[in-house]
Number of protein chains: 2
Amino acid sequence: MNSNWHEEAYYTIRTYEIDSKKQATLPALVKLMHESAMQHVIKLGVSVWDLEPHHISWVLMRQQLSVHRLPRLGEQIKIETYPSGYERLFTYRDYKVYDAAGELIAHSSSTWVLMDTVQRSLARFPGFILEMLQLAPAPELCLPRPAGQLPKMEKTDHSLDFVVRWHDLDYNDHLNNMYYLQWMLEALPDELLNHGRLRAFDIQYRAEAQWKDQVRAEVQHLPNGRMLHRLVRPDDGKELALALSEWE
Amino acid sequence: MNSNWHEEAYYTIRTYEIDSKKQATLPALVKLMHESAMQHVIKLGVSVWDLEPHHISWVLMRQQLSVHRLPRLGEQIKIETYPSGYERLFTYRDYKVYDAAGELIAHSSSTWVLMDTVQRSLARFPGFILEMLQLAPAPELCLPRPAGQLPKMEKTDHSLDFVVRWHDLDYNDHLNNMYYLQWMLEALPDELLNHGRLRAFDIQYRAEAQWKDQVRAEVQHLPNGRMLHRLVRPDDGKELALALSEWE
């Protein structure tokens, strides 16, 4: 098998990635997962910058995360990531986070599409992308693909307003994916933010946000320690993302 | 000389540290400078966590930065940092950022004090801190210490409001130093944020900000491509920081 099929990236948790309990925050860990995937596609020659001349770009549609524990300051983690197959216009990518003892401490599957940046519509996979997607391990070695409907939000128990700032933009001048998740967490009750133990986070990305957009994070309490999250742009009512979180 | 006198830390610029020009943002570079210093004091046994039982803590008072160029995506940089002497209740620390060719691309001097966390007043340096401070190289090998008064702000040409969010807090539950600088930059005119080339940034930290504090960033245009910055907490009028930036 081509040795490029996966990326193994090593990171040591830095002081700016932790909270006052010396534990990495979830957004910090997700940033490192995305970084490992970016390094992989850069090596494979299919990064967003490689795709620019083809007027196509990767768009993250969904990410399902499971967290067994968050790593601590100074801990070395290994993140393994690989494309985990495709189906029609959708492609999948897995992430596995291991601690130094080789224990799996978090994992995630994700769904991606290619966007035609001129037509603003979904694009088919060109040959050189299909080649990369063939690298996927056998389906039984991959994590279950993101699936299932998120419940519909019926009321808002908490909300918090944000404005997209220049430093919140990614290399593509859109609100960085990671802030969707971070802002959803910010709207939670204080007690949960300070002391909650997150077990799972399942986020569906619906639309991009631009510099200076107003964004509202809404939360609804569900039974059994679950929370429903929504990011909406009040100016046009556009739903930017939906998510479900599970807490211990 | 004790080999611990300085820290040499290597970093590769990550995709979440860059703007759409594939260049590290200033806050991203400053984060790495602080990270290198944190790693140094952890090794020396004088980190904020080591100081907790002594009821003292490091507080950054001032940082003067010079930027020749910002590193680009994938570039490996070396950050050298060391304590650069002390005087009465003040201690100094230098940072030098080199590219892979060994060129100095940014440097910074900074002023720190020890805060008595019970009395909320400046603390004298205990013996084990003085030992560490003896490691400083000869003064002629160090960068010039931060000095000079910043001009007084006379009018507000631009301003922008922020709220301290949970993920903006540092390991000490205060607004992370780096966001002072980032929020000051955010209040600049769009043209400067997008296309300006920053040459120097001189920031004086005056007060801590807490979770949920409102913070206003104010900017005044000065002659010769210089900008005056202020962070203020509108609720009590408290000035949190002052800064002067220089642009090409």
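Contact here means heavy atoms within 4.5 Å. In this predicted model, 100% of the interface residues of chain A are also interface residues in chain B, so the copies meet through the same surface.

The relation between the two chains can be stated as a rotation. Chain A is superposed on chain B by a rotation of 180° with 0.0 Å of shift along its axis, at an RMSD of 0.0 Å. The two copies are thus related as by a two-fold rotation axis. In chain A, the C-alpha nearest the axis belongs to A:Phe162, at 4.5 Å from it.

Within chain A, two domains are assigned, domain 1 (3–141) and domain 2 (158–247). Their C-alpha centres lie 20 Å apart. The contact between these domains takes 19 residues from domain 1 of chain A and 18 residues from domain 2 of chain A.

Two packed helices are described by the angle between their axes and the distance between the axes. The axes of H1(B) and H4(B) come within 10 Å and cross at roughly 165°. Because angles over 145 degrees count as roughly antiparallel, H1(B) and H4(B) are roughly antiparallel to each other. H1(B) passes H4(B) in a right-handed crossing. The table lists the residues through which the helices meet.

| Helix | Residues of the helix | Residues in the contact |
|---|---|---|
| H1(B) | 26–44 | B:Leu26, B:Pro27, B:Val30 and B:Lys31 |
| H4(B) | 177–186 | B:Met178, B:Leu181, B:Gln182 and B:Leu185 |

By class, the contact of H1(B) with H4(B) comprises 6 nonpolar, 1 polar and 1 charged residues.

How values were computed
Residues numbered from 1 in each chain as written. Chains lettered and ligands numbered in written order. Predicted model: local features only at pLDDT ≥ 70, side-chain atom pairs only at ≥ 80, totals over all residues. Heavy atoms only, no water. Axes fitted to C-alpha atoms, helices over the stretch in contact; angles between N-to-C directions. Helix = DSSP H or I, 4+ residues; strand = E, 2+ residues; numbered from the N terminus. Parallel < 35°, antiparallel > 145°, perpendicular 65-115°, else oblique. Left-handed = near helix turned anticlockwise from the far one by under 90°. Nonpolar A, V, L, I, M, F, W, Y, C, P; charged D, E, K, R; others polar. Least-squares fit on C-alpha atoms with pLDDT ≥ 70 in both. Domains from an automatic or database assignment.
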